[in-house]
Amino acid sequence: MKMFSVAHKTVFVVDHCPYMAESSRQQVECDVLTKSRAQGVIPLAPVSKSLWTCAVECSMEYCRILYDIYPKDKLVNYIVSDSEFHILNSWRREDQSTHELMSALAAVGPPNPREDPECCSILHGLVAAVESLCKITELQHERRTALMDTAERVANRGRIICLTNAKSDTHVRMLEDCIQETILDQNKMAAGSDRLMSIQQCELVLVHIYPQGEDTLVSDRPKKEISPLLTSEVHSVRAGRHLATKLNILVQQHFDLTSTTITNIPMKPTLNVCEQEEQHANTSANYDVELLHHRDAHLEFFKSGDLHMAGTSTRENGLKETVTLKWCTPRTNTIELHYCTGAYRISPTDVNSRPSSCLTNFLLNGRSVLLEQPRKSGSKVISHMLSSHGGEIFLHVLNSNRSTLEDPPSISEGCGGRVTDYRITDFGEFMRENRLTPVSESTHDPSGKLPAERAKAQLERHTRYWPMIISQTTIFNMQAVVPLANLIVKETLTEEDVLTCQKTVYNLVDMERKNDPLPISTVGSRGKGPKRDEQYRIMWNELETLVKTHAGATDRHQRVLDCIIACRSKPPEEEERKKRGRKREEREDRTEKNGNKETDDKSWQESERLKGLLDKEDQESEVIKDSPDSPEPLNKKPRLTTEEVQPPERAKGPVSLLTMWTNRITAANSRKHQEFVGRASSVNNKFELYQHLKDENGMDVHENGKASR
């Protein structure tokens with residue numbers, strides 16, 4: 001049981017030898033009155049910090065961030081090494097503060113450059129660091145007292161951070177060997193003492209500091225296990241801002257921290273406190289402040305994969321990322337009751353900058369700030385809140401999704417209540433196929449696997465490729481693929497199974513040859529969706545993806561994949577036929593696109609052409625009739641008056657081209673044929689039949705042709 005991690009104890013060993021008094025060669029400008037300087041005043045020359053000053057500043061910044069976020073359980077022991085070691089504080093809680101360390105460092109003073117380098121060594125401090133790790137902290141003593149029967153469950157682990165100027169890689173290996181021997185000696189001593197604890201694990205982080213402009217003599221090395229008790233890593237860093245950046249990254253790695261940048265913070269340039277409620281846009285500027293906190297504050301981002309929505313970006317060093325959240329202007333001084341899922345202490349990265357001081361003072365005055373995820377479109381999502389409690393500033397995580405206090409969402413609903421097409425029926429079948437049942441101890445598996453291992457292996461095989469949404473899959477919506485999909489997930493295949501899978505593939509080839517439609521989802525797409533060839537290409541790609549995930553299981557699985565690949569490689573004549581089919585579909589699409597307009601134009605042009613032909617025929621008929629050489633025309637039906645002619649009933653709606661053509665042809669033909677004799681000699685459209693019978697028999701014949709007695 002790991003009750004104490006390596007992060008519980010951290011020992012800083014800072015080199016205080018004469019060579020640490022050397023300049024870092026990073027100049028610092030001291031003359032800041034460049035605009036208001038009177039004439040004749042000589043500007044101040046820039047200064048540069050020593051290696052010792054850079055090491056102290058960066059190590060104190062490391063401790064400040066640690067104390068801000070972990071004020072109790074994470075402890076630091078600070079040791080200075082020259083001709084002897086100087087322990088500046090202890091593991092007691094009252095000694096854990098930057099004020100105590102700064103006071104002790106002031107008493108130590110800078111390194112003496114005139115001191116004999118042969119008498120000084122970093123080894124004194126490293127030996128003292130190992131001895132310090134064996135000492136029991138107050139928290140360890142409390143846990144050991146509470147667990148008297150199992151006191152050995154309280155582990156003793158720690159980390160040593162050494163800031164020095166090493167001579168070479170050989171020198172570094174010598175330091176590691178010395179620490180390893182010291183750990184073994186101290187563990188033997190701790191085994192016979194009640195006030196000491198043996199070291200189960202020690203991490204050595206050696207930071208080699210060298211001036212700017214020089215080449216390093218020590219190479220970087222990642223974490224390496226020296227022995228079961230000791231691991232070591234080496235960082236070669238230039239003094240100055242590079243060292244500060246390196247220790248900032250190390251403190252995040254060592255204590256599981258992450259970075260958040262608050263953007264668009266309004267602040268008046270002339271004030272020391274953010275009073276953004278009264279300021280106007282033309283009198284304020286927007287600033288950014290970077291904060292460090294525990295990574296669990298972004299746990300929801302990591303789970304949902306929405307880090308890109310939260311504006312993840314890489315800082316200048318390119319090694320650590322920061323999540324960007326946008327400032328929301330608060331509307332009240334009182335802290336409203338928000339549904340929070342966590343609260344984490346924060347620490348500004350640049351604590352002395354004016355924007356950081358402005359934000360800190362604003363929050364300590366009892367104000368709270370809501371933070372939103374930057375989005376290009378859509379409504380804003382408020383995910384975090386900054387507020388202070390008891391003089392400490394916390395980053396609160398607000399629940400931006402459904403509350404656990406509400407009713408659980410339906411399985412047919414997605415995030416935010418959006419209805420999605422989940423494969424609910426298929427998932428129910430999937431659960432039935434993977435149910436767990438009790439198994440007797442006498443059951444023996446030839447492979448030697450335990451039942452739990454076999455169950456996990458089967459679940460892994462079934463979920464290698466299993467789309468959750470209907471619109472994201474084609475093959476699982478096809479009944480023709482069901483036999484192959486059910487068999488390919490098996491651990492082993494028989495020859496009959498292989499034949500069934502191959503038969504399924506051949507059926508799909510036959511479907512493609514017949515150009516049968518596929519159940520392709522057109523959700524979110526315009527028009528008719530992808531073309532038939534594209535549908536089959538999507539289907540074959542997905543089928544190949546499914547089989548490839550299982551092809552490495554056995555040779556028979558590979559045979560199924562080979563069959564699919566062979567069927568996908570079509571002969572040239574098949575490709576030519578597909579190409580002609582695609583061109584035909586494109587022509588049909590273009591025709592349908594302009595169908596209505598072209599049909600109207602063609603109907604109008606055809607009607608005009610027919611009208612011209614009929615008028616020409618009328619003119620030719622009149623010319624023949626009026627010609628002096630032409631014979632006398634046959635008797636034709638006299639024109640009837642308008643009252644006698646019953647116009648044909650006009651059909652409702654537009655007249656078709658066929659109707660127009662038929663009417664014009666009928667009218668033209670009616671003027672050309674010889675008229676019926678009965679109609680020509682009729683009286684009131686009536687003609688008396690069988691008139692010759694009246695003359696022969698001397699009988700009166702009615703109009704209907706029957707004699708009257």
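## A Pair in Helix 9

Phe-427 and Phe-430 are separated by about one helical turn, being three residues apart in helix 9 (residues 424-433). Helices (H or I, at least four residues) and strands (E, at least two) are DSSP runs, numbered from the N terminus. Phe-427 is partly exposed, with a relative accessible area of 35%, whereas Phe-430 is buried at 12%. Buried means under 20% relative accessible area, exposed over 50%, and partly exposed in between (1.4 Å probe, protein chains only).

## Basis and Overall Composition

This is a predicted model, in which local features need pLDDT of at least 70 and side-chain atom pairs count only at pLDDT 80 or more, while totals for chains, interfaces and linings use all residues. Residues are numbered from 1 along each chain as its sequence is written, and side-chain values use heavy atoms, with hydrogens and water left out.

The protein contains 19 helices and 18 strands. Of its 709 residues, 35% are buried. Among contacts (heavy atoms within 4.5 Å) between residues at least 6 apart in sequence, 73% join residues at least 24 apart.

## Aromatic Pairs

Nine aromatic pairs are present in the structure. In one of them, the rings of Trp-327 and Phe-362 have centres 5.7 Å apart and planes at 45 degrees, so the pair is tilted. Trp-327 belongs to strand 13 (residues 321-328) and Phe-362 to helix 8 (residues 354-364), so this pair ties together parts that are 35 residues apart in sequence. Trp-327 is buried, with a relative accessible area of 5%, and Phe-362 is buried as well, at 1%. In the pair of Phe-427 and Phe-430, the ring centres are 5.9 Å apart and the planes stand at 25 degrees, so that pair is stacked.

Rings of Phe, Tyr and Trp (its six-membered ring) pair if their centres lie within 6.5 Å; planes under 30 degrees apart count as stacked, over 60 as edge-to-face and the rest as tilted. Elsewhere, ring pairs link Phe-12, Tyr-62, Tyr-70, Tyr-78 and Phe-255 into a cluster.

## Helix Packing

Helix 1 (residues 51-69) packs with helix 6 (residues 241-254) at an angle of about 30 degrees, their axes being 9 Å apart. These two helices are therefore roughly parallel to each other (angles under 35 degrees count as roughly parallel, over 145 as roughly antiparallel, 65 to 115 as roughly perpendicular and the rest as oblique). Axes are lines fitted to C-alpha atoms over the stretch in contact, and angles run from 0 to 180 degrees between N-to-C directions. Helix 1 contributes Cys-54, Ala-55, Cys-58, Ser-59, Tyr-62 and Ile-65 to the contact, and helix 6 contributes Leu-243, Ala-244, Leu-247, Asn-248, Leu-250, Val-251 and His-254. Ten of the residues in this contact are nonpolar, three are polar and none is charged. Ala, Val, Leu, Ile, Met, Phe, Trp, Tyr, Cys and Pro count as nonpolar, Asp, Glu, Lys and Arg as charged, and the others, Gly among them, as polar.

Helix 12 (residues 495-514) and helix 13 (residues 532-548) pack at about 170 degrees, with axes 11 Å apart. Helix 12 and helix 13 are therefore roughly antiparallel. Here Val-505, Leu-508, Val-509, Met-511 and Glu-512 of helix 12 meet Tyr-536, Met-539, Trp-540 and Leu-543 of helix 13. This contact of helix 12 with helix 13 comprises eight nonpolar residues, no polar residues and one charged residue.

## Surroundings of Cys-202

Cys-202 is located in strand 7 (residues 201-210). Cys-202 is buried, with a relative accessible area of 0%. Leaving aside neighbours within four places in sequence, Cys-202 is in contact with Leu-133, Gly-158, Ile-160, Ile-183, Leu-229, Leu-230 and Thr-231. Leu-133 and Cys-202 are 69 residues apart in sequence and 8.7 Å apart in space, C-alpha to C-alpha.
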